Structures are given as C-alpha cells and as structure tokens.
Amino acid sequence: MASPAYTVYYWQIKGRGEMIRLVLEAAGVAYENKYPKEWATEKASLPFGQLPALLITDPKTKQTTTLAQSAAIVRYLARKYNLVAADPLDFAVADSIFESAVDATNAMIKVVWGTPEAEKPAALEKFNTEVLPSFIKAHTAFLEKNGNKGIYVGNKLTYVELTIFNIINELNTLIPDAITAKTAPALWKVRETVANHDKIKAYLASPRLHSK
Ligand SMILES: N[C@@H](CCC(=O)N[C@@H](CS)C(=O)NCC(=O)O)C(=O)O
C-alpha cells in the first residue's frame, strides 16, 4: 500500500515542528515542508489557528487531513511507524516522559517569546535554577533505572528519545552548556544515541535540516 504524502506545515525554523520532522526522518518516510506566507489568512484555515500541522494526503482518494497539535502528530506518526514501546504500560510511562519534555518546551518558549525584554533575565534565571535542574533530575532517574543506556524504557529508541534530543539542543541554545556530558551525563547519552542513529545522522548532515 502506498504511503500517504506528508507535509510538515510550520515556519522555516526547528521550533515545535522539529520533533515531527525527526520522527519522519527516523522512520525513513519522505515529507515536504510548507511555510506560511500570509499568516492571518492561513491561521483561519487551521483546526486550532496554530502551527505546526501535518498535512496527510491519501494516495488513493487524494483527500488531505490536516492534523494539528504537535504532540498528537508525533504520537500518530510514532505509532504508525513503530517508534513506540510495544507494551501499553511501557508506552504510557514513556509518554509521561515525553509530556514532561512538552512542559519544558512550553516553559522555554514562554521565556523566549512570552516575556517582555526587561523581564527576560529574571525569567531565564528562574528557568535555569528551577525548571532545568528538576528536568535533569527526573530524566536522570528514569535513565538510570533503565541502565543508563541512552534509552528511557526497554531497549528501543522511540519518539521519546527523538524529542529529548531536540529539547537538549534547544536548551543548549538558550543556556550554553545546560546539558553536557558533565552537567547531565545520562541525558547527554540520549543525545548521543539519537545523533548516532543512521537515519538521524544522515538528516543532520543533510540540507533538509533547518539552521535555527
Ligand atoms: N499546543 C500546540 C501549540 C502550538 C503553538 O503554540 N503554535 C504557535 C507557534 S510555536 C503558533 O502557531 N503561533 C502563532 C499564533 O498563535 O498565531 C502544539 O503543540 O502544536
């Protein structure tokens, strides 16, 4: 059966679109990118007036479904392309870890995009001393419990590690050396595991990767 045609609809940045691209890349599934041109008009056409969205075109009927909400998109693709744990409880535990990464992403976005310039240093300091340490502590506990192998649950790389890879990169952009082999070795191992995945390695070296 032919695969649907996928279009990742988001701005020309990594942002919330990147975890979707990473899942598609790890699955070895082709996709295109679409960037908004006239946002006010395009916003009105989206299910929740926001991006990212995944446009899924059925190869037979040519009908396109617009799927919104980045976490729902990631879970849909991960389930479809077997980048999830097989056992339902393993899936749920891994998904709780994923949701904590979504929380940290939202906190980061709030600091960068949702804070007046004058208040940014204080917001960043709060993120650095409160959100970041508790993120590292919780994630390290899960990783150590699983034998510190760069994988959260069992032995299989899933959408969770792909998402964490992305958030580590974003955290390090926001706060230099937030997560390194020294400051958070268990998390760093996740980053290394994903960076060494054959398909992700190829993606990172490809022109498909967005520069920021
Ligand atoms: N919960 C949504 C949040 C989406 C969201 O906040 N999108 C922002 C960009 S990252 C957006 O579309 N902003 C433009 C707007 O709201 O007009 C998701 O995870 O997809």
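The ligand sits in the largest pocket. A pocket here is computed on a 1 Å grid over the protein atoms alone, as an open set of points with protein on both sides within 12 Å along at least five of seven lines. To sit in one, a molecule needs more than half of its atoms within 2 Å of the grid points.

Some housekeeping. This is a predicted model, where local features need pLDDT of at least 70 and side-chain atom pairs count only at pLDDT 80 or more, while totals for chains, interfaces and linings use all residues. Residues are numbered from 1 along each chain as its sequence is written, and side-chain values use heavy atoms, with hydrogens and water left out.

Which residues are around the ligand? They are Tyr10, Trp11, Arg16, Trp39, Lys43, Gln50, Leu51, Pro52, Gln69 and Ser70, with a heavy atom within 4 Å as the criterion.

Now the polar contacts, meaning pairs of N or O atoms within 3.5 Å. A ligand nitrogen is 2.7 Å from a polar backbone atom of leucine 51. For glutamine 69, an N or O atom of the side chain is 2.7 Å from a nitrogen of the ligand. The side chain of serine 70 has an N or O atom 2.6 Å from a ligand oxygen. Taken alone, the ligand exposes 500 Å², and the protein buries 72% of that, by Shrake-Rupley with a 1.4 Å probe.

Back to leucine 51. Its peptide bond to proline 52 is cis, with omega near 15°. Most peptide bonds are trans. Proline 52 is in the loop between α2 (39–44) and β3 (53–57); helices are DSSP runs of H or I, at least four residues, and strands are runs of E, at least two.

Last, the record. UniProt, in an unreviewed entry, annotates residues 4–85 as "domain: GST N-terminal", and such annotations may be inferred rather than shown by experiment. That span is 33% helix and 22% strand. The annotation "domain: GST C-terminal" covers residues 87–212, a span with 68% helix and 0% strand.

Note on methods. A polar contact is a pair of N or O atoms within 3.5 Å; within protein, one must be able to donate a hydrogen and the other to accept it, and residues adjacent in sequence count only if both atoms are side-chain atoms. On a 1 Å grid over the protein atoms alone, a cavity is a set of points where a 1.4 Å probe fits but cannot get out, and a pocket is an open set with protein on both sides within 12 Å along at least five of seven lines; lining residues have an atom within 4 Å of a point.
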